[in-house]
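Here is a friendly tour of one protein model, written for someone who likes to know the cut-offs behind each term. Have the viewer open as you read.

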Amino acid sequence: MTLKIHIDESAAPYEQVRAQISGQARSGALPVGYRLPTVRGLAESLGLAANTVAKAYRALEADGVIETRGRGGTFVAAAGSAAEREAATAAQAYAERVRRLGLTQEQASAAVRDALRAAYQD
């Protein structure tokens, strides 16, 4: 695993760590089951505070990219499994809500497309 942190970038260091690990996991450069360094170990190697790396790891875990197995360590999770389950749950709740509101499928789909476009413009 290779990470490069650029202090002069507008992105916060924790976000750079999160984005690089996420990208490497999704591309397969970090295979499922790959054991990540400890928070302290990665922080030392990158010259960052342990809390910065811990924040990145928490975000990655929330996104379903990594999983922590207690004292066993932190590993790359199966490709998006937790994230996909969370997305499916959110989609189901959305579908039920727009049906109750009386929107058509076309109106609901248009709202999702607009929201996705806005979210991915960053």
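## Pockets

By class, the lining of the largest pocket has 5 nonpolar, no polar and no charged residues. Here Ala, Val, Leu, Ile, Met, Phe, Trp, Tyr, Cys and Pro count as nonpolar, Asp, Glu, Lys and Arg as charged, and the others, Gly among them, as polar. The lining residues are A91, Y94, V112, L116 and Y120, and the elements giving two or more of them are α4 (81-101) and α5 (105-119). About 210 Å³ of space lies in this largest pocket.

The second largest pocket holds about 160 Å³ of space. Its lining has 4 nonpolar, 5 polar and 2 charged residues, among them R35, Y57 and R71. A pocket is an open set of points on a 1 Å grid over the protein atoms alone, where a 1.4 Å probe fits, with protein on both sides within 12 Å along at least five of seven lines; lining residues have an atom within 4 Å of a point. Grid points are joined across faces, edges and corners, and the volume is the space filled by probe spheres set on the points.

## About the model

This is a predicted model: local features need pLDDT of at least 70 and side-chain atom pairs count only at pLDDT 80 or more, while totals for chains, interfaces and linings use all residues. Residues are numbered from 1 along each chain as its sequence is written, and side-chain values use heavy atoms, with hydrogens and water left out.

Helices are DSSP runs (H or I, at least four residues), numbered from the N terminus.

Buried or exposed: which is N51? N51 lies in helix α3 and is exposed, with a relative accessible area of 65%. The cut-offs are under 20% for buried and over 50% for exposed, with partly exposed in between (1.4 Å probe, protein chains only).

## Charges over rings

The charged end of K55 sits over the ring of Y14, 4.1 Å from its centre. Likewise, the charged end of R69 sits over the ring of F75, at 4.0 Å from the ring centre. The rule asks for NZ of Lys or CZ of Arg within 6 Å of the ring centre and within 35 degrees of the ring normal.
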